[in-house]
Structures are given as C-alpha cells and as structure tokens.
Amino acid sequence: EGTINFGGHHAEEIHEEDAFGENLVVDDAHPTNEKPLDFSITKNVVFIMAVALLMFLVFRSMAKRYQKSTMPRGLGRFLEPLVLFVRDEIAVPNIGEHKHKKYMSYLLTVFFFVWVI
C-alpha cells in the first residue's frame with residue numbers, strides 16, 4: 001500500500017498506488033485515477049446477469065401461460081402469492097388504489113431481483 005506525498009510544487013507529479021494496485025497520479029495535490037471507470041466483469045457482475053436472465057426466462061414463460069389460461073400452474077402457483085403481496089401490502093398502501101398499476105412492473109422487478117439475489 002503506497003503513500004501519497006501531497007507536499008511539493010504544482011509542476012511535479014507523484015505516481016503511487018492505491019489499495020487495489022491502480023496507479024494514482026498526484027498532480028497539484030489532487031490524486032486522480034488513470035482509469036476512473038472500471039467495467040471489468042467480476043463474479044458479482046456475472047451473478048447479477050445470471051439472475052436477470054433467470055428472471056426474464058421465468059417470467060416470460062409465466063406470461064405465456066397466463067395468455068392461455070388465467071389459472072396459475074407450475075411456478076406461477078408459487079409466485080402468485082408473492083405478486084399479490086407486493087400489490088396488496090406494498091403498492092396499494094404506499095402509492096394508492098388508482099395509481100399503483102402504473103408502478104407494479106417496476107416494484108415486482110425490484111422485489112424479485114432482490115429476493116432471488
């Protein structure tokens with residue numbers, strides 16, 4: 001773990017490393033990263049993408065089944081009480097009876113995403 005010397009003249013640059021081994025350029029006593037945004041794929045990012053894909057496939061198959069019949073079957077029987085919970089206990093009391101339908105898709109996405117993770 002390197003240290004940063006903030007004293008000195010404005011024209012000099014000091015190169016140090018942060019805790020992750022990234023180079024820091026200290027110019028005018030303001031440390032800056034050479035790569036300010038890190039878009040590397042980590043295990044967490046892969047897991048988040050896998051959960052998003054899983055949710056997409058599950059809910060797409062459930063939507064196709066609901067087009068054929070409104071009676072839930074399979075996984076829909078397990079997830080329908082959770083959907084009703086989000087609607088009746090979260091959306092309607094906090095948003096209101098008339099406006100909750102507008103936000104249900106967002107609330108369900110967030111609820112199931114957090115629940116699966």
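Colleague: What does the secondary structure of the chain come to?

Modeller: Please keep in mind that this is a predicted model. In this model the chain has three helices and three strands, and reading along the sequence gives the pattern β-β-β-α-α-α.

Colleague: How much of the chain is made up of buried residues?

Modeller: Buried residues account for 15% of the 117 residues in the chain. The chain exposes about 9500 Å², and 60% of that area is supplied by carbon and sulfur atoms.

Colleague: And what share of the contacts between residues at least 6 apart join residues at least 24 apart?

Modeller: That share is 27%, counting contacts in the chain between residues at least 6 apart in sequence.

Colleague: Let's go to H100. Where is it found, and is it buried or exposed?

Modeller: H100 is found in helix α3, which covers residues 100-116. H100 counts as buried because its relative accessibility is 5%, and the cut-off for buried is under 20%.

Colleague: Which residues does H100 touch?

Modeller: If we do not count residues up to four places away in sequence, H100 touches R87, A91, V92 and I95.

Colleague: What about M104, where is its place and what is it in contact with?

Modeller: M104 also has its place in helix α3, and M104 counts as buried because its relative accessibility is 11%. Leaving aside neighbours within four places in sequence, M104 is in contact with V83, V86, R87 and A91. For V86, the C-alpha atom is separated from that of M104 by 8.1 Å, although the two residues are 18 residues apart along the chain.

Colleague: R87 came up there. Which residue forms a salt bridge with R87?

Modeller: R87 forms a salt bridge with D88, and the closest N and O atoms of the pair are 2.8 Å apart. The count for salt bridges comes to one.

Colleague: Why do R87 and D88 count as partly exposed?

Modeller: R87 counts as partly exposed because its relative accessibility is 34%, and D88 does so because its value is 38%. Partly exposed is the range in between the cut-offs of under 20% for buried and over 50% for exposed.

Colleague: One more, P72. Where does it lie, and is it buried or exposed?

Modeller: P72 lies in the loop between α1 and α2. P72 is buried, because its relative accessible area is 12%.

Colleague: What is P72 in contact with?

Modeller: Leaving aside neighbours within four places in sequence, P72 is in contact with Y66, R77 and E80. As for M62, which is ten residues apart from P72 along the chain, the C-alpha atoms of the two residues are separated by 8.3 Å.

Conventions
Residues numbered from 1 in each chain as written. Predicted model: local features only at pLDDT ≥ 70, side-chain atom pairs only at ≥ 80, totals over all residues. Heavy atoms only, no water. Helix = DSSP H or I, 4+ residues; strand = E, 2+ residues; numbered from the N terminus. Buried < 20%, exposed > 50% of the residue type's maximum accessible area, 1.4 Å probe, protein only. Contact = heavy atoms within 4.5 Å. Areas by Shrake-Rupley, 256 points an atom, 1.4 Å probe, with all protein chains shown as cover. Salt bridge = Lys/Arg side-chain N within 4 Å of Asp/Glu carboxyl O.
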